[in-house]
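Hi,

Here is the structure I said I would pass on.

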Amino acid sequence: VTVPGKKPFLGHLHPLTLARRKAESIFKTMGFQVVEGPEMETEWYNFDALNIPQDHPARDVWDTFYLKSGFLLRTHTSPVQVRYMEKNKPSLRIIAPGTVFRHEATDASHEFQLFQVEGLMVDRTISVANLKAVIEGFFRSFFEKDVRSRLKPDYFPFTEPSFDIGISCLVCQGKGCPA
(Lines give C-alpha, C1' and ligand atoms only; values in the text may rest on other atoms or scores of the structure.)
Protein backbone atom coordinates (compact mmCIF):
# COMPACT_ATOMS: atom_id res chain seq x y z
CA VAL A 1 0.00 0.00 0.00
CA THR A 2 2.90 2.41 0.71
CA VAL A 3 4.73 1.76 -2.57
CA PRO A 4 4.37 4.80 -4.87
CA GLY A 5 2.11 4.14 -7.82
CA LYS A 6 3.15 4.50 -11.44
CA LYS A 7 2.55 8.00 -12.67
CA PRO A 8 0.47 7.78 -15.83
CA PHE A 9 1.79 9.55 -18.92
CA LEU A 10 -0.79 12.13 -19.93
CA GLY A 11 -0.85 14.47 -22.86
CA HIS A 12 1.56 15.34 -25.62
CA LEU A 13 3.07 18.39 -27.24
CA HIS A 14 0.90 20.42 -29.60
CA PRO A 15 1.58 19.77 -33.32
CA LEU A 16 2.65 23.41 -33.80
CA THR A 17 5.16 23.07 -30.96
CA LEU A 18 6.56 19.92 -32.57
CA ALA A 19 6.77 21.61 -36.00
CA ARG A 20 8.44 24.70 -34.54
CA ARG A 21 11.02 22.66 -32.65
CA LYS A 22 11.78 20.60 -35.76
CA ALA A 23 12.14 23.71 -37.94
CA GLU A 24 14.41 25.39 -35.39
CA SER A 25 16.56 22.27 -35.12
CA ILE A 26 16.96 22.04 -38.90
CA PHE A 27 17.93 25.69 -39.27
CA LYS A 28 20.40 25.38 -36.36
CA THR A 29 22.16 22.53 -38.20
CA MET A 30 22.48 24.94 -41.17
CA GLY A 31 24.23 27.50 -38.97
CA PHE A 32 21.26 29.76 -38.21
CA GLN A 33 20.69 31.33 -34.82
CA VAL A 34 17.13 31.39 -33.42
CA VAL A 35 16.12 34.93 -32.42
CA GLU A 36 12.86 35.97 -30.78
CA GLY A 37 11.22 39.30 -30.08
CA PRO A 38 8.11 40.88 -28.60
CA GLU A 39 4.65 40.11 -29.95
CA MET A 40 3.50 43.60 -29.01
CA GLU A 41 5.34 46.09 -31.22
CA THR A 42 5.64 49.76 -32.13
CA GLU A 43 4.72 51.07 -35.57
CA TRP A 44 8.40 51.87 -36.06
CA TYR A 45 9.58 48.25 -35.84
CA ASN A 46 6.51 46.67 -37.45
CA PHE A 47 6.26 49.09 -40.41
CA ASP A 48 8.51 52.18 -40.64
CA ALA A 49 11.87 50.43 -40.22
CA LEU A 50 10.81 47.96 -42.92
CA ASN A 51 9.97 50.68 -45.48
CA ILE A 52 6.23 50.06 -45.23
CA PRO A 53 4.83 53.60 -45.68
CA GLN A 54 1.80 55.08 -43.94
CA ASP A 55 -0.46 54.50 -46.96
CA HIS A 56 0.51 50.82 -47.42
CA PRO A 57 -2.44 48.36 -47.21
CA ALA A 58 -0.66 46.37 -44.48
CA ARG A 59 -1.25 49.28 -42.12
CA ASP A 60 -4.99 49.21 -42.67
CA VAL A 61 -6.95 48.86 -39.44
CA TRP A 62 -8.56 45.76 -40.96
CA ASP A 63 -5.19 43.99 -41.13
CA THR A 64 -3.55 45.12 -37.90
CA PHE A 65 -4.64 44.93 -34.27
CA TYR A 66 -3.90 48.35 -32.78
CA LEU A 67 -3.90 48.54 -28.98
CA LYS A 68 -5.06 51.44 -26.82
CA SER A 69 -1.54 51.73 -25.41
CA GLY A 70 -0.24 52.90 -28.80
CA PHE A 71 1.34 49.54 -29.56
CA LEU A 72 0.11 46.93 -32.01
CA LEU A 73 0.23 43.14 -32.27
CA ARG A 74 2.97 42.31 -34.75
CA THR A 75 1.75 41.30 -38.20
CA HIS A 76 4.96 39.43 -39.08
CA THR A 77 8.24 38.50 -37.38
CA SER A 78 10.28 40.98 -39.46
CA PRO A 79 10.55 43.41 -36.50
CA VAL A 80 12.73 40.77 -34.84
CA GLN A 81 15.14 41.06 -37.78
CA VAL A 82 15.27 44.86 -37.44
CA ARG A 83 15.98 44.64 -33.70
CA TYR A 84 18.72 42.07 -34.35
CA MET A 85 20.36 44.14 -37.12
CA GLU A 86 20.44 47.19 -34.84
CA LYS A 87 22.73 45.31 -32.46
CA ASN A 88 24.69 43.00 -34.80
CA LYS A 89 26.87 43.57 -37.84
CA PRO A 90 26.98 41.27 -40.87
CA SER A 91 27.52 38.50 -41.53
CA LEU A 92 24.12 37.40 -40.20
CA ARG A 93 22.30 34.09 -40.33
CA ILE A 94 19.14 34.04 -38.21
CA ILE A 95 15.58 32.76 -38.15
CA ALA A 96 12.78 34.58 -36.37
CA PRO A 97 10.01 32.13 -35.46
CA GLY A 98 6.90 33.28 -33.67
CA THR A 99 3.24 34.05 -33.46
CA VAL A 100 1.83 36.88 -35.57
CA PHE A 101 -1.60 38.46 -35.57
CA ARG A 102 -3.79 39.70 -38.42
CA HIS A 103 -7.30 41.05 -38.23
CA GLU A 104 -9.06 38.55 -40.49
CA ALA A 105 -12.44 36.90 -40.64
CA THR A 106 -11.90 33.40 -39.31
CA ASP A 107 -13.00 30.34 -41.24
CA ALA A 108 -11.62 26.88 -42.05
CA SER A 109 -8.55 28.35 -43.79
CA HIS A 110 -8.07 31.70 -42.01
CA GLU A 111 -7.25 32.59 -38.42
CA PHE A 112 -6.33 35.86 -36.71
CA GLN A 113 -3.29 34.24 -35.09
CA LEU A 114 -0.73 32.26 -37.04
CA PHE A 115 2.80 30.94 -36.69
CA GLN A 116 5.56 32.20 -38.95
CA VAL A 117 9.27 31.52 -39.46
CA GLU A 118 11.34 34.15 -41.27
CA GLY A 119 14.96 33.80 -42.19
CA LEU A 120 17.67 36.40 -42.72
CA MET A 121 21.10 35.86 -44.25
CA VAL A 122 23.35 38.85 -44.86
CA ASP A 123 26.87 38.64 -46.25
CA ARG A 124 28.75 39.83 -49.32
CA THR A 125 28.68 36.37 -50.91
CA ILE A 126 24.99 35.53 -50.34
CA SER A 127 22.89 35.09 -53.49
CA VAL A 128 19.57 33.63 -54.61
CA ALA A 129 21.45 30.35 -55.08
CA ASN A 130 22.02 30.27 -51.31
CA LEU A 131 18.32 30.90 -50.72
CA LYS A 132 17.40 28.01 -53.00
CA ALA A 133 19.90 25.68 -51.30
CA VAL A 134 18.63 26.57 -47.81
CA ILE A 135 14.99 26.11 -48.84
CA GLU A 136 15.65 22.76 -50.52
CA GLY A 137 17.69 21.54 -47.54
CA PHE A 138 14.99 22.63 -45.13
CA PHE A 139 12.16 20.89 -47.01
CA ARG A 140 14.19 17.70 -47.43
CA SER A 141 14.95 17.60 -43.69
CA PHE A 142 11.51 18.71 -42.50
CA PHE A 143 9.53 16.23 -44.61
CA GLU A 144 12.25 13.53 -44.38
CA LYS A 145 12.05 12.78 -48.11
CA ASP A 146 13.14 14.29 -51.38
CA VAL A 147 10.84 17.16 -52.22
CA ARG A 148 11.06 19.06 -55.46
CA SER A 149 10.79 22.80 -54.99
CA ARG A 150 10.25 25.73 -57.31
CA LEU A 151 11.44 29.27 -56.78
CA LYS A 152 9.37 31.54 -59.02
CA PRO A 153 9.96 35.31 -59.23
CA ASP A 154 6.91 37.12 -57.88
CA TYR A 155 5.84 40.56 -56.73
CA PHE A 156 5.31 41.43 -53.09
CA PRO A 157 5.25 45.17 -52.39
CA PHE A 158 7.36 44.86 -49.24
CA THR A 159 10.32 42.78 -50.48
CA GLU A 160 12.71 43.06 -53.41
CA PRO A 161 13.48 40.66 -54.96
CA SER A 162 10.49 38.46 -54.17
CA PHE A 163 9.85 34.77 -54.80
CA ASP A 164 6.92 32.41 -54.59
CA ILE A 165 8.04 29.02 -53.31
CA GLY A 166 6.20 25.84 -54.21
CA ILE A 167 6.90 22.18 -53.43
CA SER A 168 5.85 18.92 -55.03
CA CYS A 169 2.94 16.99 -53.57
CA LEU A 170 4.09 15.05 -50.52
CA VAL A 171 1.69 12.18 -51.32
CA CYS A 172 2.31 11.47 -55.02
CA GLN A 173 5.54 13.44 -55.58
CA GLY A 174 3.88 15.31 -58.46
CA LYS A 175 2.86 12.19 -60.41
CA GLY A 176 -0.85 12.70 -59.80
CA CYS A 177 -2.74 11.58 -56.72
CA PRO A 178 -5.17 8.69 -57.19
CA ALA A 179 -8.78 9.82 -57.44
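Let me start with the cysteines. The sulfur of Cys172 has its closest cysteine sulfur in Cys177, 3.6 Å away, which is too far for a bond. Keep in mind that this is a predicted model. The cut-off I used for a disulfide is 2.5 Å between the sulfur atoms, and seen from the other end, the closest cysteine sulfur to Cys177 is the one in Cys172, at 3.6 Å, so again too far for a bond. Going through the whole structure turns up zero disulfides. As for how covered these two are, Cys172 is buried, with 14% relative accessible area, while Cys177 counts as partly exposed at 45%.

How many aromatic pairs does the structure hold? There are seven. One of them is Phe138 with Phe142, a stacked pair with 5.4 Å centre to centre and 25 degrees between the planes. Why are Phe138 and Phe142 about one helical turn apart? Both sit in helix α4 (residues 128-143), and they are separated by about one turn because they are four residues apart there. Phe142 also pairs with Phe143: the ring centres are 5.2 Å apart and the planes are at 85 degrees, so this pair is edge-to-face.

On accessibility, Phe138 comes out as buried, since its relative accessible area is 14% and the limit for buried is under 20%. Phe143 has 28%, so it counts as partly exposed.

Phe142 has the charged end of Lys22 over its ring, 5.2 Å from the centre. In the other case, Arg83 lies over the face of Tyr45, and the distance to the ring centre is 3.9 Å.

Ile165, Ile167 and Leu170 make a nonpolar patch of about 210 Å². Leu170 is found in the segment after β7 (159-167). Is Leu170 buried, exposed or partly exposed? With a relative accessibility of 30%, Leu170 counts as partly exposed.

That is what I have for now.

Cheers

Definitions and conventions. Residues are numbered from 1 along each chain as its sequence is written. This is a predicted model: local features need pLDDT of at least 70, side-chain atom pairs count only at pLDDT 80 or more; totals for chains, interfaces and linings use all residues. Side-chain values use heavy atoms; hydrogens and water are left out. Patches are made of residues with over 30% relative accessible area and no salt bridge: like charges are joined within 9 Å, nonpolar side chains (Val, Leu, Ile, Met, Phe, Trp, Tyr) within 5 Å. Accessible areas come from the Shrake-Rupley method with a 1.4 Å probe; for residues, only the protein chains shown count as cover. A salt bridge is a side-chain nitrogen of Lys or Arg within 4 Å of a carboxyl oxygen of Asp or Glu. Helices (H or I, at least four residues) and strands (E, at least two) are DSSP runs, numbered from the N terminus. Buried means under 20% relative accessible area, exposed over 50%, partly exposed in between (1.4 Å probe, protein chains only). Rings of Phe, Tyr and Trp (its six-membered ring) pair if their centres lie within 6.5 Å; planes under 30 degrees apart count as stacked, over 60 as edge-to-face and the rest as tilted. A charge sits over a ring if NZ of Lys or CZ of Arg is within 6 Å of the ring centre and within 35 degrees of the ring normal.
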